[in-house]
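Come along and keep the model in view.

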Amino acid sequence: MLLTRKAEFSASHVCRNPALSDAENQALYGVNANPHGHGHNYVLEVTIEGDPDPVTGMVFDLRQLKEIINAEVVDPMDHRFLNHEVPPFDRTVPTTENIAVEIWKRLHNRIELPNAHLKNVRLYETADLYVDYGGEA
Amino acid sequence: MRLTRRYHFAASHRLNTDALTPEENASLYGKCNNPFGHGHDYVLDVSVEGPVDASGQIVGREALDTLVEQQVLDRVDHRNLNCDLPELRDRVPTTENLASVIEDLLTRQWSLPARLARVRISETARNTFELETK
């Protein structure tokens, strides 16, 4: 069974590789490379796969899941400038792909029970763009 | 990793096949068989799949947008699917067939590093059609 919990955070970012020229960054990232950054209302969907615990009837304790997502993602990222305030984005370009990978890294060890594990991280940058990441290399 | 980008287009169509009688068409397609056609605000989700490259992206947004605009949106937006899309002239423009045509239009000119993984179209908020590509 799959269980999905949603969370939101608002953050600013800029997609620029310091090793590249302005023109190269613009070609690669478009308006996302504008030097002073811009922001999004990110929407995160965390999906856990597992079997309901025979005693509690739950795949995963939802209150605990909310606390984990808040502690690992929302508290450190909400209303922050990702490049300046949230490592590793001081040295990794905070594309939607890279943010999804970072969220996976922060969550997957904390969502590991005998009956349940993290299945997918879906991160919406806008209503028209999202990525799905399931921990693959 | 999979990235999904959403696009919007408005188009009209009429569901009717010469293989059936007018009565059979009316019975099969209901209101969608209305002789003068009707329209929808379609929502198209294009999913691509692949590894994240050195830029931190599966695919450049502008490259994907340009491809979808040129191959699909320019052909279907504010068009009549029965008359304006040669690929649908001999097929009923159901959203099933439209999904398959869009997959073909995209793969025909696909030049992106990531693979086209899925085409999903919503005809209305209540009807959605998904095509996983092989």
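**Entry 1: strands of chain A**

I began with β5(A) and β6(A), which pair in the antiparallel sense over five bridges. My notes on terms: two strands pair if DSSP finds at least two bridges between them. Helices (H or I, at least four residues) and strands (E, at least two) are DSSP runs, numbered from the N terminus.

Before going further I noted that this is a predicted model, where local features need pLDDT of at least 70 and side-chain atom pairs count only at pLDDT 80 or more, while totals for chains, interfaces and linings use all residues. Residues are numbered from 1 along each chain as its sequence is written, and chains are lettered from A and ligands numbered from 1 in the order in which they are written.

Back to the strands: β5(A) and β6(A) form a hairpin, with two residues between them. Within this pair I found A:Y124 opposite A:Y130 of β6(A).

I then looked at what else pairs with β5(A), residues 116-126. Strand β2 of chain A (residues 38-50) runs antiparallel to β5(A), and eight bridges join them. There A:E49 stands opposite A:H117 of β5(A). Strand β4 of chain A (residues 112-113) also pairs with β5(A), antiparallel, over two bridges. The bridge partner of A:E112 is A:H117 in β5(A), and a hairpin through two residues joins β4(A) to β5(A).

**Entry 2: where the chains meet**

How many residues of chain A are in contact with chain B? I found 16 residues of chain A in contact with 14 residues of chain B; two residues are in contact if their C-beta atoms, placed from the backbone, lie within 7 Å. On the side of chain A that touches chain B, α4 (96-108) and β6 (129-133) each supply at least two residues. β6(A) gives the most to that side, with five residues.

I sorted the residues of that side by type and got seven nonpolar, five polar and four charged. Here Ala, Val, Leu, Ile, Met, Phe, Trp, Tyr, Cys and Pro count as nonpolar, Asp, Glu, Lys and Arg as charged, and the others, Gly among them, as polar.

One spot to look up is A:D132, whose bridge partner in β1(B) is B:R2.

**Entry 3: the nonpolar cores**

Next I went inside. A nonpolar core is a set of buried Ala, Val, Leu, Ile, Met, Phe, Trp, Tyr and Cys residues joined through C-beta atoms within 7 Å. A residue is buried if 20 or more other C-beta atoms lie within 10 Å of its own, exposed if 12 or fewer, and partly exposed in between, with C-beta atoms placed from the backbone.

The largest core has 53 residues, and those touching the most other members include A:A100, A:L123, A:V131, B:L44 and B:I102. Helix α4 of chain B (residues 95-108) gives the most to this core, with six residues. I followed A:L123: beyond its neighbours within four places in sequence, its contacts include A:Y42, A:I99, A:A100, A:Y130 and A:V131.

In helix α1 of chain A (residues 22-29), the buried residues are A:N25, A:L28 and A:Y29. They lie on the same side of α1(A) because they cover an arc of only 75° around the axis, the arc being that of the directions from the helix axis to the C-beta atoms. Just after α1(A), A:G30 takes a positive phi of about 60°.

A reminder to myself: most residues other than glycine have a negative phi, and most peptide bonds are trans.

Which peptide bond is cis? The one from A:P87 to A:P88 is, with omega near 10°, and A:P88 sits in the loop between α3 (82-85) and α4 of chain A.

A:H79 has a positive phi, near 60°, in the loop between α2 (62-77) and β3 (80-81) of chain A. I marked A:H79 as exposed because it has 11 C-beta neighbours inside 10 Å. In chain B, B:H78 has a positive phi near 55°, in the loop between α2 (61-76) and β3 (79-80).

**Entry 4: chain B overall**

Chain B has four helices and five strands, in the order β-α-β-α-β-α-α-β-β along the sequence. Buried residues make up 29% of its 134 residues.
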